[in-house]
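Let's walk through this one together, feature by feature. Take a look at the sequence and the model first.

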Amino acid sequence: MDKHLLSAADLTADDITRVLDTAAHLAKVTDRAIKKVPTLRGRTVCNLFFEDSTRTRISFELAAKRLSADVINFSAKGSSVSKGESLKDTAITLEAMGVDAIVIRHGASGAPWRLAEWVEAVVVNAGDGTHEHPTQALLDLYTMRQRFPSFDGLKVAIVGDVLHSRVARSNVLALTTMGAEVTLVAPPTLLPARVETWGAAVSYDLDAVLPKQDVVMMLRVQLERQRAGFFPSLREYARLYGLDGRRLDAMADHAIVMHPGPMNRGVEIAAEVADSIERSVIADQVANGISVRMALLYLLLGGPTEGFGEPRRGAPMGREVVA
Amino acid sequence: MSDGLEAFLMSGPVTVLDEADVTRALVRIAHEIVERNKGTDGLLVVGIHTRGVPLARRLAAKLGEIEGRQVPAGALDVAMYRDDIGMRPPQATHDTELPFDLAGKVVVLVDDVLYTGRTVRAALDALTDFGRPRAIQLAVLVDRGHRELPLRADYVGKNLPTSPGQAVRVLLAETDGSDGVVIEDTDRKAVAS
């Protein structure tokens with residue numbers, strides 16, 4: 001693995017397994033009376049968030065704090081970014097202040113790569129535009145591994161707005177690396193060009209796909225997409241691609257439902273499905289996010305910062321990596 | 001003592017403790033623990049990952065045989081408490097399993113080899129995060145010297161004078177297939193290869 005975590009494509013199967021194993025051990029820290037270990041004492045992690053986020057930022061913040069790192073939270077609102085400061089100048093400023101890791105969320109796809117060129121600090125991609133969200137993919141894999149013994153042949157459907165979803169892209173990369181069989185389900189307007197190069201099956205018919213899946217991952221529908229004409233109405237979307245009680249009954253008995261949050265209840269997922277105690281692992285995903293991010297921060301910052309495992313250069317999505 | 005000296009002078013791996021020696025050392029340590037603590041009341045045995053864990057289980061079993069009542073055993077991972085974090089690649093993590101309250105108890109910490117003392121220091125910090133035992137004692141199968149911290153063991157299976165260029169390997173049936181302690185000259189091996 002690289003010094004940074006920019007793309008799920010940079011992670012080998014061994015890297016992913018190491019992250020998940022370490023996360024399983026670190027999860028126990030959360031059960032202790034003292035929910036803290038001194039591992040990253042004296043290290044500083046900066047959460048550099050140019051887009052709104054609650055769960056990802058808080059999850060990274062808690063993860064860093066449980067490892068005793070100092071945390072700076074930077075949000076674009078109310079900062080010098082609103083006075084027109086560029087990403088590069090912000091990066092140089094943070095570097096001058098001596099941060100060891102920068103966790104970046106940015107609206108522009110590729111921003112973490114630019115940042116990694118400018119700074120010595122470890123860069124972690126916490127979501128860039130419609131491109132990637134590798135830590136979400138890792139926590140999703142961790143959650144799947146809690147329920148299923150192996151990824152080999154595991155059938156995962158990712159349903160919804162694949163076109164604009166960084167969660168879908170990173171999940172496809174990580175899941176195919178681990179040997180899972182991924183099916184993307186969406187209306188044709190919400191699938192990206194050249195999706196066939198992703199290494200996942202593609203379907204427009206949710207009802208045909210559902211009964212065969214072990215995992216059904218629902219993606220958030222961004223409501224402004226309807227105004228942009230990607231689908232005729234929210235009601236039609238919900239009817240064709242929403243996961244309701246009837247569709248839940250069509251799923252295999254052992255199958256689980258995932259959602260990266262925040263949910264639009266009644267659109268991509270019905271409330272009764274989201275709250276299903278037997279099927280929904282959505283709350284687990286949130287809890288697991290902290291353990292997985294602790295593992296990543298430990299593995300990226302706990303050594304002489306050249307990453308861990310064998311380096312693997314990630315190629316941009318849709319090219320040779322997914323072949 | 002003469003075994004260690006012999007090993008020091010020889011190249012190649014030398015077995016300094018065989019299976020029977022390891023068992024005898026553990027039985028003696030178990031009796032010393034009972035004697036020192038006047039029984040096994042309030043005693044907990046905690047092994048440091050990786051090879052301290054099976055050693056702790058064996059010691060707890062021996063203590064149980066001697067006193068006729070079970071002694072709880074636990075496992076402690078110190079990877080997150082080491083003082084060399086950031087100086088070498090991140091160490092593998094393990095599960096810490098301490099299914100008991102430490103408060104007021106006597107914890108016998110168990111490791112395979114006592115060397116610089118840095119692992120034991122990390123273990124003392126880790127234990128402190130789980131509670132405040134009445135006392136902590138240290139049992140090791142091999143003490144090879146070269147301490148870098150002011151620590152000593154309360155129970156030692158074998159004192160083994162070594163040079164820093166040598167590696168002491170403790171082999172256990174649980175992790176390596178059979179029991180034994182082997183000493184190797186890593187400097188010469190490095191030159192040879």
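**Reading the core, the sheet and the backbone**

Q: Which residues touch the most other members of the largest nonpolar core?

A: In soluble globular proteins, nonpolar side chains tend to be buried together. Here the largest nonpolar core has 152 residues, and A:Ala101, A:Ile102, A:Val159, A:Val216, A:Leu297 and B:Leu59 touch the most other members. A nonpolar core is a set of buried Ala, Val, Leu, Ile, Met, Phe, Trp, Tyr and Cys residues joined through C-beta atoms within 7 Å. Buried means 20 or more other C-beta atoms within 10 Å of a residue's own, exposed 12 or fewer, and partly exposed in between, with C-beta atoms placed from the backbone. α12(A) gives the largest share of this core, 11 residues. Because domain 1 (8-132 + 285-310) and domain 2 (134-282) of chain A both contribute residues, the core lies between them; the domain bounds come from an automatic or database assignment.

Q: Before we go on, how should I read the numbering and the model?

A: Residues are numbered from 1 along each chain as its sequence is written, with chains lettered from A and ligands numbered from 1 in the order in which they are written. The model is predicted: local features need pLDDT of at least 70, side-chain atom pairs count only at pLDDT 80 or more, and totals for chains, interfaces and linings use all residues.

Q: What does β3(A) pair with?

A: Helices (H or I, at least four residues) and strands (E, at least two) are DSSP runs, numbered from the N terminus, and strands pair if DSSP finds at least two bridges between them. Strand β3 (residues 101-106) of chain A runs parallel to β4(A), joined by 5 bridges. Strand β4 (residues 122-128) of chain A is mostly covered, with 7 of its 7 residues buried.

Q: Which residues does a cis peptide bond join in chain A?

A: A cis peptide bond joins A:Gly261 and A:Pro262, with omega about -10°. A:Pro262 sits in the loop between β9 (256-258) and α11 (271-274) of chain A.
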